[in-house]
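Visitor: I'm new to reading protein structures. Could you walk me through this one, feature by feature?

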Amino acid sequence: MSATQLQRARALTLPSREAMLSRDPSVQQFWHTNKALFSDAWKEWQASQQGDALTLDSSLLDKRLRDAVAQAWQDPSKEIAVKDLLQEVAPGVFELQFFNPERLADLRQYLESVWDAQIPLRPPYGIVLNRRGAMLDSRSEGYLAAPNFQTFYREMLDTYMRPIARMLFPEVMGYDTQTFGFSIHYQPNTDSSIRPHTDASAVTLNINLNLPSEAFTGSAVDFFDVATGQKHSLTFRPGTAMIHRGNVVHAAQPITSGERTNFVLWLYGDRGQIPPQGAKRPTIDAHERWTTPTAALDSVAPF
């Protein structure tokens, strides 16, 4: 009796940590060679989960956000209800309640079942010490290809992130046709921090997935104001998100106890383009903001 695609995927040996960190050519070859196998394996895995599978949809999101966004899609002139949910917590950095904390346990249970599926997932480069780092976008090698997750991922980006980004940062209009995403998990003694950096994005949305019962210390996100030299240290609460331009310098402080899990989502333009430094904010009609780009997707993700 021949092995199923799921069995074949589970039997593969992942490239070594050293090979992944050094981006050895054999690593890319591993993901490329097995791309179709992994896609089929995730479909098979999802079918095997149907009886217990969580429905991944907007019901997981904060109800106020869900209702305000739905209203804005119907009548863009009412987008002020979305803007009222955003708080500027540092210069150019806005916070909002993205997920409903009471539903995070459902989402996390789904993600735990993903990690337990034993189908190889590629972690973000440099984030390879834990099992919860994974690529999310379909153009990334070794991405989370479960069809129901991909539908939910697209909804987060297309229905929520893009119009909110355009509302806050009008100059990103036209530099937001492409997407990228990954999950990241911080814990002491493994992947505990990230040095100051900017993102190769027009806009970044960083969403915390910690349950209300999952406290942690440390792991604040520092945002650096180049104009004033000031540093603003912000801490995530369960289900909250921070949205900012990709060119804002930021860093994750070391986590000292507990764990922190996040989704990080990017928008950028065709062929990796982002707004020029100091780009002026054009006047954009609300109806333009609440539209989905029709541009074809680039064939590959940034990295």
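Predicted model: local features only at pLDDT ≥ 70, side-chain atom pairs only at ≥ 80, totals over all residues.

Visitor: Where is Asp 137 found, and is it buried or exposed?

Guide: Buried means under 20% relative accessible area, exposed over 50%, and partly exposed in between, using a 1.4 Å probe and protein chains only. Asp 137 is buried, at a relative accessible area of 1%. You'll find Asp 137 in the loop between E3 and H8. Those labels are DSSP runs numbered from the N terminus: helices are H or I with at least four residues, strands are E with at least two.

Visitor: Which side chain does Asp 137 join in a polar contact?

Guide: A polar contact is a pair of N or O atoms within 3.5 Å; within protein, one must be able to donate a hydrogen and the other to accept it, and residues adjacent in sequence count only if both atoms are side-chain atoms. Here the side chains of Asp 137 and Tyr 153 are joined by one of 2.7 Å.

Visitor: How do I read a sheet?

Guide: Strands of a sheet pair through backbone hydrogen bonds, either parallel or antiparallel. Two strands count as paired if DSSP finds at least two bridges between them. In this model, seven strands make an open sheet, ordered E1-E2-E10-E6-E13-E4-E3, with antiparallel pairing. Strand E1 (87–90) and strand E3 (134–135) are at the edges with a single partner strand each, so one side of each has no neighbour in the sheet. Inside the sheet, nine bridges join E4 (residues 178–186) to E13 (residues 260–268), and His 185 has Thr 261 in E13 as its bridge partner.

Visitor: What about cores?

Guide: In soluble globular proteins, nonpolar side chains tend to be buried together. A nonpolar core is a set of buried Ala, Val, Leu, Ile, Met, Phe, Trp, Tyr and Cys residues joined through side-chain atoms within 4.5 Å. The largest one here has 77 residues, and Trp 42, Phe 98, Phe 99 and Ile 243 have the most contacts inside it. Helix H8 (residues 147–168) gives the most to this core, with eleven residues. Apart from it lies another core, of eight residues, including Leu 234 and Phe 236.

Visitor: And how many aromatic pairs are there in the whole structure?

Guide: Rings of Phe, Tyr and Trp (its six-membered ring) pair if their centres lie within 6.5 Å; planes under 30 degrees apart are stacked, over 60 edge-to-face, and the rest tilted. The search finds 14 pairs. In one, the rings of Phe 30 and Phe 38 have centres 6.0 Å apart and planes at 50 degrees, so the pair is tilted. Both Phe 30 and Phe 38 are buried. Phe 94 and Phe 169 have ring centres 6.0 Å apart too, but planes at 65 degrees, so that pair is edge-to-face. This pair links distant parts of the chain, 75 residues apart: Phe 94 is in strand E2 (residues 93–97) and Phe 169 in the loop between H8 and E4.

Technical notes: Residues numbered from 1 in each chain as written. Heavy atoms only, no water.
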